[in-house]
Amino acid sequence: MSERTTDTGERLARSGPMDRATEAFVAHRNLLFTVAYEMLGSAADAEDVLQETWLRWTNVDLGIVRDQRAYLVRITTSQALTRLRTLGRRKESYVGPWLPEPLLTSPDVAEDVELADSVSMAMLLVLETLAPTERAVFVLREVFDLAYDEIAEAVGKSAAAVRQIAHRARAHVAARRPRGIVSAAETRDVLEAFQRAVETGDMQRLLDMLAPDVVFLGDGGGVVQAAPAPVVGAEMVAHVLGRIAAAVSPQPAQVNGCPALVLRLEGEIDTVIAVRIDDGLVTGLYAVRNPEKLSRMERETALRR
């Protein structure tokens, strides 16, 4: 999913000939990372979960494991659930709107519209409204199509209980999820035109491209300045974008499977704005400025230069 393989996977792959446990973990690391990231909304925490999963996996007797993939997903889910409950307590004291950590994604993720939608900022914010176990069940069932009995083992519930949780979570998400899945091709021209409008500070062009009920969310985490509350409405959002354009020049990127603009200040990433597009209009803007959430993208983009 990410432009690069996960840090844990890379270290293991470079360590030399792999034993059976290492080979299995490396083979499934991208799946495990995506499960953890979709549950946590944080690449850094997902990496920590993978490290914990690996440590537990090395102590497993592989002779009794019938399905290595399912077993690894079970460990990852359990560790992610523990961390998710801790993160929930942290978010209660978070300053301003909370947004997921932006994840640089490759073009093939954007072409897979279902996966792109599941990791989009908009969808991850919907998943934030679920209870931890509901979120785990929804991700494992709706995104990865795991069987109910596999999910039951992963979350420590009966298969019957998991079916009920899945039904409840599905209905909850359906009532709140973004309007629809948009193809990568459909967004390309809109993003290019939107980028030009932001760069030039053309207010009329911005107003023409913003949906009347567009929402701008800014996440500074109390560390850097950001909008303290959601900005709603085309005129208000256009004025925010106008101030941004006066300070920095945006560059296009693929973030969380969706179009995005990366804003640099003195060579370093200052803001990442994920763009939600529906019916040819920009309906959502998710601006991450919290430096802690930008460090991974800074490393990844530096490696590509």
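What percentage of the 305 residues in the protein is made up of buried residues? In this predicted model, buried residues account for 52% of the 305 residues.

In soluble globular proteins, nonpolar side chains tend to be buried together. The largest nonpolar core of the model holds 50 residues, of which Met39, Trp57 and Leu127 touch the most other members. At least two residues of this core are supplied by each of α2 (20-40), α3 (43-57), α4, α7 (121-127), α8 (132-143), α9 and α10 (159-176), and the largest share, 11 residues, comes from α2. When residues up to four places away in sequence are not counted, Met39 touches Thr77, Ala80, Leu81, Leu84, Arg135, Ala136 and Val139. Another core, of 27 residues, lies apart from the largest one and has Val190, Leu191, Val231 and Val282 among its members.

On the α2 side the contact is made by Ala21, Thr22, Ala24, Phe25, Arg29, Leu32, Phe33, Ala36, Tyr37 and Leu40, and on the α3 side by Ala43, Asp45, Ala46, Glu47, Val49, Leu50, Thr53, Trp54 and Trp57. Divided by class, the residues of the contact of α2 with α3 are 14 nonpolar, 2 polar and 3 charged. Phe33, one of the α2 residues in this contact, is buried, with a relative accessible area of 1%. The C-alpha atom of Phe33 is separated by 9.8 Å from that of Asp48, a residue 15 places away along the chain.

Helix α3 also packs against α4, at an angle of about 135° and with the two axes 9 Å apart. The angle makes α3 oblique to α4, and α3 passes α4 in a right-handed crossing. Asp45, Asp48, Val49, Glu52, Thr53, Arg56 and Trp57 of α3 meet Gln68, Tyr71, Leu72, Ile75, Thr76, Gln79, Ala80, Arg83, Leu87 and Arg90 of α4 in this contact, which by class comprises 7 nonpolar, 4 polar and 6 charged residues. Trp57, listed above among the core residues that touch the most other members, is one of the α3 residues that make the contact with α4.

A further pairing joins helix α4 (residues 68-91) to helix α9 (residues 148-155), whose axes come within 8 Å and cross at roughly 45°. That crossing angle makes α4 oblique to α9, and α4 passes α9 in a right-handed crossing. The contact involves Arg69, Ala70, Arg74, Thr77, Ser78 and Leu81 of α4, together with Glu150, Glu153, Ala154 and Val155 of α9; by class, the contact of α4 with α9 has 4 nonpolar, 2 polar and 4 charged residues. Two of the α4 residues in this contact, Thr77 and Leu81, are also among the residues touched by Met39.

The loop between α8 and α9 includes Asp145 and Leu146. Asp145 is exposed, with a relative accessible area of 58%, whereas Leu146 is buried, with a relative accessible area of 3%. Phi of Asp145 is near 55°, a positive value in a residue other than glycine. Leu146 touches Arg69, Val73, Leu140, Arg141 and Ile151, residues up to four places away in sequence again being left out of the count.

Asn256 is located in the loop between β3 (250-255) and β4 (258-265) and, at 0% relative accessibility, counts as buried.

Notes: Residues are numbered from 1 along each chain as its sequence is written. This is a predicted model: local features need pLDDT of at least 70, side-chain atom pairs count only at pLDDT 80 or more; totals for chains, interfaces and linings use all residues. Side-chain values use heavy atoms; hydrogens and water are left out. Axes are lines fitted to C-alpha atoms, for helices over the stretch in contact, and angles run from 0 to 180 degrees between N-to-C directions. Helices (H or I, at least four residues) and strands (E, at least two) are DSSP runs, numbered from the N terminus. Angles under 35 degrees count as roughly parallel, over 145 as roughly antiparallel, 65 to 115 as roughly perpendicular and the rest as oblique. A crossing is left-handed if the near helix is turned anticlockwise from the far one by less than a right angle, and right-handed if clockwise. Contact means heavy atoms within 4.5 Å. Ala, Val, Leu, Ile, Met, Phe, Trp, Tyr, Cys and Pro count as nonpolar, Asp, Glu, Lys and Arg as charged, and the others, Gly among them, as polar. A nonpolar core is a set of buried Ala, Val, Leu, Ile, Met, Phe, Trp, Tyr and Cys residues joined through side-chain atoms within 4.5 Å. Buried means under 20% relative accessible area, exposed over 50%, partly exposed in between (1.4 Å probe, protein chains only).
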